[in-house]
Amino acid sequence: MGRVKTKIAAAKERTANKKQKPADKNTVSQNRLELLVTIVNRNKTEYYTDLIQSFDVNMQTVMLGHGTADAKMLALFGLNDSEKSVIFGVIQEDKIPEAVATLEEKFKTIKNGKGIAYTLPLTGVIGTLIFGFLSNNRMVKGEQAK
């Protein structure tokens, strides 16, 4: 839990330290994108994809997973299911603190809603239209044909 709070604090600090520059014609956005990875019980996949989408995440990919714990370990911890879903979504850097805090709250309060969430920075996105779609920025226009 301490690591989650550290990640939230770091994201808030990065967002606060950004200098607001006037946008020129080549600047799409000053907000960076990160890959949000969320691992949840398979029966909660739809709930969490809808929740994540509420943070302007336009693209999500769900992969089915299987936990590595055997039946004895599951019984020891009171768990009954090792079927998991891994949800990958691209999220704007400034939305991360709120999204992670909301996910953390839901992991604690929803019955059988436990999970793990973390982000990885994206170092580059090719094309302004792709960036506009991934960042949910409808103002991005494609290059004009010359």
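This is a predicted model: local features need pLDDT of at least 70, side-chain atom pairs count only at pLDDT 80 or more; totals for chains, interfaces and linings use all residues.
User: Which element of the chain has the highest mean pLDDT?
Analyst: The chain averages a pLDDT of 77, and 70% of its residues score at least 70. Among the elements, helix H1 (residues 2–17) has the lowest mean, 59, whereas the highest mean, 95, belongs to residues 45–53, helix H2.

User: What pattern does the chain follow when read along the sequence?
Analyst: The chain holds 5 helices and 4 strands. Read along the sequence, these elements give the pattern α-β-α-β-α-β-α-β-α.

User: How many residues apart in sequence are the parts tied together by Arg42 and Glu83?
Analyst: The two side chains meet in a salt bridge (a side-chain nitrogen of Lys or Arg within 4 Å of a carboxyl oxygen of Asp or Glu), with 2.9 Å from N to O. Arg42 lies in the loop between strand E1 (33–41) and H2, while Glu83 lies in strand E3 (residues 83–92), so the pair ties together parts whose separation in residues is 41.

User: Which residue forms a salt bridge with Asp56?
Analyst: Asp56 sits in the loop between H2 and strand E2 (60–66), and has a positive phi of about 60 degrees although it is not a glycine. At 27% relative accessibility Asp56 counts as partly exposed, where buried means under 20% relative accessible area, exposed over 50% and partly exposed in between (1.4 Å probe, protein chains only). Its salt-bridge partner, with 2.8 Å from N to O, lies in the loop between E3 and H4, so the pair ties together parts 39 residues apart in sequence; that partner is Lys95.

User: Is Glu104 buried or exposed?
Analyst: Glu104 forms a salt bridge with Lys108, the closest N and O atoms being 3.9 Å apart, and both residues lie in helix H4, 4 residues apart, about one turn of the helix. Lys108 counts as exposed at 53% relative accessibility, whereas Glu104, with a relative accessible area of 17%, is buried.

Conventions:
Residues are numbered from 1 along each chain as its sequence is written. Side-chain values use heavy atoms; hydrogens and water are left out. pLDDT is the predictor's confidence in each residue, from 0 to 100. Helices (H or I, at least four residues) and strands (E, at least two) are DSSP runs, numbered from the N terminus.
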